[in-house]
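Subject: Structure handover, with notes on pockets and salt bridges

Dear colleague,

Please find the structure below. My notes on the pockets and the charged side chains follow it.

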Amino acid sequence: MATYPWDAAEHLESKEDIAAYLEAALEDGDPSLVVAALGDIARSKGMTHIARETGLGRESLYKALSIEGNPEFATVLKVLQSLGLRLQVVPIA
């Protein structure tokens, strides 16, 4: 049986898909998973486009938004804004 690598970036087509994917990563609570999910989302939109929108280097974005990355909070906010997303705080039920 042949297997193929699955890339989440290839399946994030709508803002709803993107929001649900990022929300699931946030609910997990693992910071590296959240950063990697944000990286998948950025790749789905085009890292060059995100770099241009944020004023950050494309290579540094790839590194910061990888599973091993540790981006500054300002970088996360810039990427979210360039994707047309924002963080929202709600009380835990």
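Does Asp40 count as buried or exposed? Asp40 counts as buried, at 16% relative accessibility; here buried means under 20% relative accessible area, exposed means over 50%, and partly exposed lies in between, with a 1.4 Å probe and protein chains only.

A word on the source. This is a predicted model, so local features need pLDDT of at least 70 and side-chain atom pairs count only at pLDDT 80 or more, while totals for chains, interfaces and linings use all residues. Residues are numbered from 1 along each chain as its sequence is written, and side-chain values use heavy atoms, with hydrogens and water left out.

Surroundings of Asp40

Asp40 is found in helix α2 (helices are DSSP runs of H or I with at least four residues, numbered from the N terminus). Its side chain is joined to that of Tyr21 by a polar contact of 2.5 Å. A polar contact is a pair of N or O atoms within 3.5 Å; within protein, one must be able to donate a hydrogen and the other to accept it, and residues adjacent in sequence count only if both atoms are side-chain atoms. Leaving aside neighbours within four places in sequence, Asp40 is in contact (heavy atoms within 4.5 Å) with Ala8, Ala9, Leu12 and Tyr21.

Salt bridges

The whole structure has three salt bridges, each being a side-chain nitrogen of Lys or Arg within 4 Å of a carboxyl oxygen of Asp or Glu. In one of them, the side chains of Asp7 and Arg43 meet at 2.9 Å, N to O. Asp7 lies in the segment before α1 and Arg43 in helix α2, so this pair ties together parts that are 36 residues apart in sequence. Asp40 also forms a salt bridge with Arg43, with the closest N and O atoms 2.8 Å apart. Asp40 and Arg43 are three residues apart in helix α2 and are therefore separated by about one helical turn. Asp7, Asp40 and Arg43 are thus linked in a network of salt bridges. Arg43 counts as partly exposed, at 31% relative accessibility.

Glu59 and Arg58 also meet in a salt bridge through their side chains (3.2 Å, N to O). Glu59 is exposed, with a relative accessible area of 55%, and Arg58 is partly exposed at 34%.

Pockets

A pocket is found on a 1 Å grid over the protein atoms alone, as an open set of points where a 1.4 Å probe fits, with protein on both sides within 12 Å along at least five of seven lines; lining residues have an atom within 4 Å of a point. Grid points are joined across faces, edges and corners, and a volume is the space filled by probe spheres set on the points.

The largest pocket has a volume of about 310 Å³. Helix α1 (residues 15-28) gives the most to its lining, with five residues. The lining includes Ala19, Leu22, Leu80, Arg86 and Val90. By class it divides into seven nonpolar, one polar and three charged residues, where Ala, Val, Leu, Ile, Met, Phe, Trp, Tyr, Cys and Pro count as nonpolar, Asp, Glu, Lys and Arg as charged, and the others, Gly among them, as polar.

The second largest pocket has a volume of about 220 Å³. Of the 15 residues that line it, Pro31, Val34, Val35, Phe73 and Val76 are the closest to its centre. Helix α2 (31-45) supplies at least two lining residues, as do α1 and α5 (73-82), and α2 gives the most, with five. The lining has eleven nonpolar, three polar and one charged residues.

Regards
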